[in-house]
Amino acid sequence: MSDQVTDSVTTTIDWPVFILSGGFLMLFVATAVFDIDFLSDTVSQAFGGATQMFGAYWQVLMLLTFVIAIGVAVSGSGRARLGNLSEPDISTYKWVAIIMCTLLAGGGVFWAAAEPMAHFINSPPLFGVESSSPAAVYPALAQSYMHWGFLAWSILGSLTAIIFMYLHYDKGLPLKPRILLYPVFGEVVLHGWLGALIDAACVVAVISGTVGPIGFLGLQVSFGLSELFGISDSYSTQLAIIVGLIVIYTISAVSGVTRGIQILSSFNIVLAIALMAFILVAGPTAFIFDSFIQSTGLLLTEFIPMAAYRADVGWLNGWTVFFWGWFIGYGPLMAMFIARISRGRTIRQLIITLSLTAPLVTYFWFTIVGGTGISFELADVGVISGPYAESGMPAALLAITQQLPLGFLISVLFLLLTTIFVATTGDSMTYTVSMVMTGTDNPPTALRVFWGIMMGVLAAILISIGSGGVSALQSFIVVTAVTVSLILMPSLWNAPKMARQMAVEQGLN
């Protein structure tokens with residue numbers, strides 16, 4: 001590999017990628033408006049085919065990514081500094097806040113409430129325990145940890161971020177998903193249809209995964225406002241919520257990584273910590289700590305069996321493989337964003353924070369929210385599972401918060417927390433999609449505004465025809481993961497090579 005690629009970074013919009021990704025999304029929305037049943041059936045069949053044919057491969061890819069990343073972190077190469085800077089350009093607190101808010105996103109609130117409850121009332125088959133019993137508590141939390149933990153966080157930016165940072169900041173390649181395959185195809189991937197298809201596939205995947213939460217936030221917050229304030233749970237309310245969200249995350253994306261994105265993330269971390277502290281004091285404190293320790297221990301002892309479980313494919317495809325497809329679809333663009341905010345960090349700092357520290361914080365958060373719900377359910381059967389079965393994830397969250405002291409206030413604060421979580425994902429992905437279109441880490445303001453508004457408009461159109469449109473688009477990210485997972489695979493061996501090369505160039509090996 002030459003020390004410097006001749007193709008210099010340019011701020012010109014990559015029109016083939018823009019047209020391919022934008023055109024596909026327009027076609028998807030038009031099909032949804034014209035015939036939602038046809039679209040839903042088509043996506044469902046593609047979803048089933050993707051999980052059946054690639055599910056086992058995704059499980060192996062996720063596991064290997066985590067194991068290899070940890071190996072790189074503890075090796076001598078872990079001391080190499082990323083991004084061609086001698087010191088970090090973002091403080092550690094702000095850096096961690098951005099990572100947690102962007103990657104955990106809105107799922108970290110609604111799923112934290114609903115998934116442990118779902119596994120409690122229908123215990124995962126691996127554990128063979130009676131559902132809704134005291135024995136089902138720790139397996140329910142451990143399974144939630146598996147889906148939102150070590151493997152999920154690792155695929156979103158450990159090995160791939162190393163490649164992006166080395167090839168872009170050290171070697172001058174454009175900051176686009178296609179450079180993940182530069183070590184395989186060389187210069188040919190930087191130009192022409194192959195590179196454009198790679199970039200477009202990654203953009204479609206991440207927009208599918210971001211528009212979904214934006215649309216669902218409109219539905220979920222509208223439900224919450226109806227329950228708490230009696231506001232009509234109608235399309236006009238949902239649209240107003242989405243418009244407000246568009247304004248927040250677009251302004252944030254326009255102001256940049258060092259301003260709006262940092263401010264939103266820092267505020268949300270403070271709010272999340274305050275809510276955690278309140279629940280720890282006012283909620284089932286002993287149950288939370290006992291469940292966290294026991295469930296983490298269960299996860300560690302059963303880690304490989306859980307990661308490699310294939311006995312019940314139907315259950316697996318509905319849960320684990322669905323999540324793996326979702327996180328894989330996000331992988332390249334999340335890694336680009338991680339690369340953008342992690343300049344000056346060492347490889348070891350990046351991987352330990354992303355693959356170990358952030359998952360452990362996530363486990364504790366899931367225990368505080370979901371574990372509290374399970375505790376209330378054990379004390380009064382149906383108090384949480386009833387609303388969850390009737391109205392889904394937002395009902396589960398509100399059922400939990402309203403059991404707490406100051407339940408109304410806490411419910412409102414959780415809705416605010418979720419909104420800002422989704423906003424931090426919206427602004428970071430708006431920023432990153434714009435990066436893909438230009439190949440630079442500081443894309444033009446107009447481009448950021450365009451993609452910010454576009455994602456919100458797509459969400460608004462899709463929820464206008466019911467939640468089925470948003471569900472179809474969110475499920476489609478699992479279909480796109482077929483292509484994206486093949487793009488990610490070479491990082492398993494290329495990232496360790498580049499880490500060693502960086503260490504050599506920096507005089508560390």
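Helices (H or I, at least four residues) and strands (E, at least two) are DSSP runs, numbered from the N terminus. The model is predicted, so that local features need pLDDT of at least 70 and side-chain atom pairs count only at pLDDT 80 or more, while totals for chains, interfaces and linings use all residues. Residues are numbered from 1 along each chain as its sequence is written, and side-chain values use heavy atoms, with hydrogens and water left out.

**Exercise 1.** State how many helices and strands the chain has, and explain whether its radius of gyration agrees with that of a compact globule.

*Solution.* Begin with the secondary structure, which comes to 22 helices and 0 strands. Next, take the radius of gyration over C-alpha atoms, with the globule rule of 2.2 Å times the number of residues to the power 0.38. Because the chain has 509 residues, the value for a compact globule would be near 23 Å, and the chain's 22 Å agrees with this.

**Exercise 2.** Find what percentage of the residues is buried, and describe the largest nonpolar core.

*Solution.* Buried means under 20% relative accessible area (1.4 Å probe, protein chains only), and 62% of the 509 residues are buried. A nonpolar core joins buried Ala, Val, Leu, Ile, Met, Phe, Trp, Tyr and Cys residues through side-chain atoms within 4.5 Å. The largest such core has 184 residues, among which W58, I207, W365 and F414 touch the most other members. Its largest share, 16 residues, comes from helix 15 (residues 320-341). A second, separate core of 5 residues includes F223, L228, A395 and L415.

Technical notes. Buried < 20%, exposed > 50% of the residue type's maximum accessible area, 1.4 Å probe, protein only.
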